[in-house]
Amino acid sequence: MTVLHKLFKEDWEYRMRSRPVWASYLGDKRYNDRWSDESFPAIEARNQHRVNMLAKLSAIDRGPLAKQDRLSYDLFKEELESDIEGHAIRWHLIPIDMRSGIQTTDTLVESLPFEGKKDYEDWIARMQTFGVLMDQTIEKMREGIRAGMVQPRIVADRIPNQIHKQLHSDPTESGFYKPFLKSDDAALCRAAAAAIQGVVVPAYQRLDAFFETDYLPATYPSVGVWQFPNGEEAYRYFVKSYTSTNYTPDEVHQIGLDEVARIRAEMEKVMRRTDFTGTLDGFFNHVRDNKALYFTSADELLTYTRALCKQIDPLLSKYFRTLPRIPYGVVPIPDSIAPDTTAAYYSPPAADGSRAGNYYINLYMPETRMRHEMPALTMHEAVPGHHLQIALATELTDLPDFRRHGHWTSYVEGWALYSESLGEEMGLYDDPYTKFGQLTFEMWRAIRLVVDTGMHWLRWDRQKAIDYFLQNSGRPDHDVINEVDRYIGWPGQALAYKIGEIKVWQLRRKAEKALGDRFSLRDFHDVVLLNGAVPLSVLENLVDDWISS
């Protein structure tokens, strides 16, 4: 093993050891009996580790390295530098939002294997020390109050109900107890119930009291990260980090406005293929209010989505030379978080393939879920979107682990949004309404560029963001409000999708023009996918090298 790869291995082992929950998600069971240390000394130690890694990397001569190792060197360096810069933003003082945080920790059991006694014992050990993790989390939030780093009130108001769902008087009803419902070991079940009753629930009671008494009164009445003491610096960092570009917030806002105008024109063309005779704004209302376009039950929504995946799977080989071996499932989003989260999301497989990837679908209020939007949503979250890309990267065992499990958001989400558009070539948008559904989803991501920068940079209020969203899409009110609140609590992340998709399409058109009849879509997809997630500038270099070769 070369010095460079020894450094990658040293760093990866440190990441697994210091981030046990992430290790668990990846299927590394060595630290399944513990949480990460979220104390301030530990947070600083993790950042110092990055500084040390960067110094060790700089001591390695990049020149003689093989091509793939030079790429790994550059990616490792860029990742470390970005994380060190991000540490100074102190976003770790905001460890909770409406979609994730310690209030949803019980959902971790969905990703853990419970196959032998030790798996249950490890989970009990985690529950027995949950109080320490809770107190460290509360202390971070206390420091956030002192530093003016807190969520806006509109986001924070959603969280108490999520905390209350953890305050079970009967421990066997807790999500933390779910694995033990299938266990016939009475002693393990008693220990689990005791840990929930004696540690977990009291911890959530402390969080509940702190949140109501201290945190909510300290939240910002307005929205936008611009309110923070380091707000402009923070948002510029988020734009750079999530898009992996040097765009300014104003440039991103303008790209969004241009894309919204372009997609509106496409929507008008599709609208004319229906029997509707009014304006596009009228068609938005027609779609939004047409109950025939919605599902009538959770079972119908889940059954339809699973059937859709079975329809897409056999089409893939025509468009992709390399397909992942790891399978995926379609499962409901847990009830405890479904009301406050998005229409769907994806959970990656274990690193060794021992756990499949999962496409989580939101069954809450199925009467608000539109049938004609499901093909595009499924292409994004499952195949050829997140599952195909992430499972393939997981299987690239010749690459260092940090690349196999890398998450450059503009690449990952840009690929998934590009994947939605492939449904046109695959014949999945075979009627005006499903095509309009795909354009609605593309418009949704273009709108994100406008409203995210609008609220966090241009100081829009929440209602202006909601109104702009409703004026330019046929999305139901419930989805629009959830989406806007997501952007409020997670600044900049929503910018990655459209910026990444635009780049993938630019590179595809560039390759098609340069290669003409020699262009192979399957080969192009291999070039994009078989180096793992990378920043957009690196992706462009990879495609340029392929065109030249």
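**Close-up views of the predicted model**

View 1. Glutamate 300 is partly exposed, its relative accessible area being 24%. Buried means under 20% relative accessible area, exposed over 50%, and partly exposed in between (1.4 Å probe, protein chains only). The model is predicted: local features need pLDDT of at least 70 and side-chain atom pairs count only at pLDDT 80 or more, while totals for chains, interfaces and linings use all residues. Residues are numbered from 1 along each chain as its sequence is written, and side-chain values use heavy atoms, with hydrogens and water left out. Arginine 371 and glutamate 300 form a salt bridge, with 2.4 Å between the closest N and O atoms. This pair links distant parts of the chain, 71 residues apart: arginine 371 is in the loop between E3 and H14, and glutamate 300 is in helix H13. A salt bridge is a side-chain nitrogen of Lys or Arg within 4 Å of a carboxyl oxygen of Asp or Glu. Helices (H or I, at least four residues) and strands (E, at least two) are DSSP runs, numbered from the N terminus. Arginine 371 has 28% relative accessibility and therefore counts as partly exposed.

**View 2. The open sheet E1-E3-E2.** Three strands make up this sheet in the order given, with mixed pairing. Strands E1 (328–332) and E2 (344–347) stand at the edges, and because each has a single partner strand, one side of each lacks a neighbour in the sheet. On average, neighbouring strands of the sheet are turned by 20° against each other, direction ignored. Two strands pair if DSSP finds at least two bridges between them. E1 and strand E3 (residues 357–361) run parallel and are joined by five bridges. Opposite tyrosine 328 stands glycine 357 in E3.

**View 3. Two helices across the sheet.** Helix H13 (residues 298–312) lies across E1 and E3 and runs at about 165° to E1. Helix H14 (residues 374–381) lies across E2 and E3, at about 150° to E3. Axes are lines fitted to C-alpha atoms, for helices over the stretch in contact (heavy atoms within 4.5 Å), and angles run from 0 to 180 degrees between N-to-C directions.

**View 4. Serine 174.** The loop between helix H8 (159–164) and helix H9 (186–218) holds serine 174. With 4% relative accessibility, serine 174 counts as buried. A polar atom of the serine 174 side chain lies 3.0 Å from the backbone nitrogen of phenylalanine 176. Leaving aside neighbours within four places in sequence, serine 174 contacts His168 and Ile196.

**View 5. Glutamate 143 and arginine 90.** A salt bridge joins these two residues, the closest N and O atoms lying 3.4 Å apart. The pair links distant parts of the chain, 53 residues apart, with glutamate 143 in helix H6 (residues 130–147) and arginine 90 in the loop between helix H4 (67–89) and helix H5 (117–128). Arginine 90 counts as partly exposed at 31% relative accessibility.

View 6. Aspartate 401 forms a salt bridge with arginine 404, at 2.9 Å between the closest N and O atoms. Both residues belong to helix H16 (residues 401–404), three residues apart, about one turn of the helix. Aspartate 401 counts as partly exposed at 22% relative accessibility, whereas arginine 404 counts as buried at 12%. The salt bridge count comes to 49.

Notes. Polar contact = N/O pair within 3.5 Å; in protein donor to acceptor, adjacent residues only side chain to side chain.
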